[in-house]
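Dear colleague,

Here is the structure to be handed over.

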Amino acid sequence: MTGSCVNFAPSLPRAMFRFARLILKTVLLVSVGAVAFLVCCNLYVSHRSHGLIYTQIDALPARQIGLVLGTSPRVVGGQPNLHFESRMDAAAQLYHAGKVRHLLVSGDNRRANYNEPVAMRTALIARGVPPDAITCDFAGLRTLDSVVRAHRIFGATQLTIITQGYHQARALTIARHEGMDAIGFASGEIPRRYSIRTEIREVLARAFTWLDLHVLARQPRHLGKPEPIALAK
């Protein structure tokens, strides 16, 4: 009996090659899509905040309330955090220049030994801001939480957001989505070697912010009864 054998060996490398090429194309398409999404989100945030960020105190319109966004007062190793110092300097300067009448300091207070609002309050008092011109928000766990709570809990409809320039666009985008009349004052620039990692993270944070606002409809982790800021007459 005569039979014949079919050798599948030559086709196996070709099948593997086609599969590898398909995987490569998929990875490339996903990568291009991800980059395009990041670019679009960043352009969206930049567009929403265009013309709202000030760098000169004289040009800044006066507002009743300044929202100071929190960050750690010290970096790993115990050295002062230049981002924190810059924000405190800017907030105090705006108060003393009469550009804001009251400062709402909003930050993280999730751990017993970590309290951004108290650190900010202490730093501002040391810079000559009266204690009764400062209100602490202890539930500013994220930028979204700080901005939305400023509106819904503390009753701010018009305010000046105080933080670094790269952070301003995202905070103002959230404020505009919340329906607030907000402008931003960019605190002093930090040398690039101290801020490059933070600025890179901000690119991703803007994409997550777009998702939070337009897809996930994410809300602050903590809300409660309104506590409007009573401005001194």
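Two strands are said to pair if DSSP finds at least two bridges between them. Helices (H or I, at least four residues) and strands (E, at least two) are DSSP runs, numbered from the N terminus. This is a predicted model, in which local features need pLDDT of at least 70 and side-chain atom pairs count only at pLDDT 80 or more, while totals for chains, interfaces and linings use all residues. Residues are numbered from 1 along each chain as its sequence is written, and side-chain values use heavy atoms, with hydrogens and water left out.

Strands

Strand β3 (residues 100–106) pairs with β4 in the parallel sense, over 4 bridges. Val-105 has Cys-136 in β4 as its bridge partner. Together with helix α3 (residues 116–126), β3 and β4 make a right-handed β-α-β unit; right-handed means that, with the strands pointing away from the viewer, the path from the first strand over the helix to the second runs clockwise.

In a regular strand, side chains alternate between the two faces of the sheet. Strand β4 (residues 134–137) is covered on both faces: Ile-134 and Cys-136 on one side, and Thr-135 and Asp-137 on the other, are all buried. Buried is under 20% relative accessible area, exposed over 50%, and partly exposed in between (1.4 Å probe, protein chains only).

Helix α4

Of the 10 residues of α4, 8 are buried, so this helix is largely enclosed by the rest of the structure. Among them are Leu-144, Asp-145, Val-148 and Arg-149. Their cover includes β2 (63–69), β3, β4, β5 (158–163), α5 and α6.

Largest pocket

A pocket is an open set of points on a 1 Å grid over the protein atoms alone, where a 1.4 Å probe fits, with protein on both sides within 12 Å along at least five of seven lines; lining residues have an atom within 4 Å of a point. The largest pocket holds about 1200 Å³ of space, a volume being the space filled by probe spheres set on the points. Its lining has 39 residues, and Thr-71, Arg-87, Tyr-166, Thr-198 and Arg-201 lie nearest the centre. Helices α2 (82–96), α4 (143–152), α5 (165–177) and α6 (192–216) each supply at least two lining residues. The largest share, 9 residues, comes from α6.

After α6

Ala-217 sits in the segment after α6. This residue is partly exposed, at a relative accessible area of 48%. Ala-217 and Val-100 are 117 residues apart in sequence and 31 Å apart in space, C-alpha to C-alpha.

Regards

Technical notes:
Contact = heavy atoms within 4.5 Å.
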